[in-house]
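Open the model in your viewer and keep the selection tool at hand. The tour below goes stop by stop.

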Amino acid sequence: MRLVVDLNRCQGYAQCAFLAPDVFAMHGDESLLYNPEAAAEQRENVARAVAACPVGAILVELTDEDLAAVTAAGAPAGGVR
């Protein structure tokens, strides 16, 4: 998954750094550092961070691998009905 943070919108509330510390970190009081290529293992933590951002500054772009994993996991047994 790819992450994009609108740093003009980010207000430094640090909810993302608290919920996904392996992806987001605060540098000083107001600067956010983040890994734009977050590992798949961080998907759940990143989803929580996105939901918790009070200004909606974090966007997630799913890669082809992410979409394939979601489709495979969500497919009903025995095919499409």
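A salt bridge here is a side-chain nitrogen of Lys or Arg within 4 Å of a carboxyl oxygen of Asp or Glu. Keep that cut-off in mind for the opening stops. The model is predicted.

**Confidence**

Colour the chain by pLDDT. The average is 88, and 90% of the residues score at least 70. Among the elements of the chain, helix 1 has the highest mean, 97. Helix 3, residues 64-74, has the lowest, 77.

**Arginine 2 and its partners**

Select arginine 2 and glutamate 37. Their side chains form a salt bridge, 3.7 Å from N to O. Arginine 2 belongs to strand 1, while glutamate 37 sits in the loop between strand 3 and helix 2, so the bridge ties together parts 35 residues apart in sequence. Glutamate 37 is partly exposed, at 48% relative accessible area. Arginine 2 is also partly exposed, with 35%.

Glutamate 61 counts as partly exposed, at 42% relative accessibility. Show the three residues together: Arg2, Glu37 and Glu61 are linked in a network of salt bridges.

**Along helix 2**

How many salt bridges does the count come to? The total is three. For another of them, select glutamate 44 and arginine 48, whose side chains meet at 2.7 Å, N to O. Both lie in helix 2, four residues apart, about one turn of the helix. Glutamate 44 counts as exposed, at 51% relative accessibility. Arginine 48 is partly exposed, at 42%.

**The ends of helix 2**

Step back to glutamine 42, in the loop between strand 3 (31-34) and helix 2 (43-52). Show its contacts beyond four places in sequence: Met1, Asp22 and Val23.

Next, select cysteine 53, in the loop between helix 2 and strand 4. Cysteine 53 is buried, at 17% relative accessible area.

**Between strand 4 and helix 3**

Move to threonine 63, in the loop between strand 4 and helix 3. Threonine 63 counts as buried, with 11% relative accessibility. Its side chain makes a polar contact of 3.2 Å with that of glutamate 65. Leaving aside neighbours within four places in sequence, threonine 63 touches Met1 and Arg2.

Leucine 62 is in the loop between strand 4 (58-61) and helix 3. Leucine 62 is partly exposed, at 40% relative accessible area.

**Last stop**

Finish at aspartate 6, in the loop between strand 1 (2-5) and helix 1 (15-19). Aspartate 6 is partly exposed, at 32% relative accessible area. Draw a C-alpha to C-alpha distance to leucine 59: 8.1 Å in space, across 53 residues in sequence.

Key
Residues are numbered from 1 along each chain as its sequence is written. This is a predicted model: local features need pLDDT of at least 70, side-chain atom pairs count only at pLDDT 80 or more; totals for chains, interfaces and linings use all residues. Side-chain values use heavy atoms; hydrogens and water are left out. Helices (H or I, at least four residues) and strands (E, at least two) are DSSP runs, numbered from the N terminus. Buried means under 20% relative accessible area, exposed over 50%, partly exposed in between (1.4 Å probe, protein chains only). pLDDT is the predictor's confidence in each residue, from 0 to 100. Contact means heavy atoms within 4.5 Å. A polar contact is a pair of N or O atoms within 3.5 Å; within protein, one must be able to donate a hydrogen and the other to accept it, and residues adjacent in sequence count only if both atoms are side-chain atoms.
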